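Open the model in your viewer and keep the sequence panel beside it. The stops below say what to select next and what is there.

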Amino acid sequence: MTNENPGQPPREPYQPSRRELLRPAEYVGGAAIAAIFVGVVVLIATRDWMLTLIGTGGVFIIVLMVLALLQMALKPDAFEQAELAESTGHGAGPGAPAAPGAPVAGDDAPAAGSAPGDDEPTSAAN
């Protein structure tokens with residue numbers, strides 16, 4: 001089959017922005033700066049080249065791994081954002097503002113159009 005979705009235009013592949021393309025270079029650069037700083041401090045303190053190289057390499061790897069793990073833990077990628085939008089049924093993610101007139105979590109007032117007595121909590125057995 002050439003057209004999987006008849007009647008719909010074919011989707012274009014995701015094109016990352018320039019900022020997204022350069023983000024890995026930012027992480028490597030930050031790790032390199034931290035490693036060079038530690039290398040200079042170790043070299044001045046010990047005057048031992050082997051210990052300086054070991055410390056510099058170790059700090060570079062540790063900082064790079066920590067930055068990568070934090071980045072993975074904090075920000076969903078484009079696939080996850082699309083999956084979130086699809087699961088909620090609309091394009092708004094979990095951080096989007098609520099629609100006007102929609103009930104707000106933690107609001108003690110009954111929602112518009114609700115019957116008296118609807119504000120009592122229901123048990124899981126119902």
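Start with I62. This residue is exposed, at 55% relative accessible area (buried is under 20%, exposed over 50%, partly exposed in between, with a 1.4 Å probe and protein chains only). I62 sits in helix α2.

A word on the source: this is a predicted model, in which local features need pLDDT of at least 70, side-chain atom pairs count only at pLDDT 80 or more, and totals for chains, interfaces and linings use all residues. Residues are numbered from 1 along each chain as its sequence is written, and side-chain values use heavy atoms, with hydrogens and water left out.

With I62 they make a nonpolar surface patch of about 410 Å². Patch members have over 30% relative accessible area and no salt bridge; nonpolar side chains (Val, Leu, Ile, Met, Phe, Trp, Tyr) are joined within 5 Å, like charges within 9 Å. A salt bridge here is a side-chain nitrogen of Lys or Arg within 4 Å of a carboxyl oxygen of Asp or Glu. An α-helix has 3.6 residues a turn, so residues three or four places apart point the same way.

Zoom out. The protein has three helices and zero strands, in the order α-α-α from the N terminus. Helices (H or I, at least four residues) and strands (E, at least two) are DSSP runs, numbered from the N terminus. Of the 126 residues, 6% count as buried.

Select α1, residues 18-46. Its 29 residues should span 42 Å, and its end C-alpha atoms are 42 Å apart, which agrees. The expected span is 1.5 Å times one less than the number of residues. Centre on P24: α1 has a kink of about 30 degrees there, taken as the angle between axes fitted to the seven residues ending at a residue and the seven starting there.

Which residues of α1 are buried? Pick R23, A31, A35, G39 and V42. Their cover includes α2 (49-74). Just after α1, R47 takes a positive phi of about 60 degrees.

T52 counts as buried, at 6% relative accessibility. Leaving out residues up to four places away in sequence, T52 touches G39, V42 and L43 (contact means heavy atoms within 4.5 Å).

End at G30 in α1. G30 is partly exposed, at 32%. Draw a C-alpha to C-alpha distance from G30 to V63: 8.2 Å in space, 33 residues apart in sequence.

Terms used
Accessible areas come from the Shrake-Rupley method with a 1.4 Å probe; for residues, only the protein chains shown count as cover.
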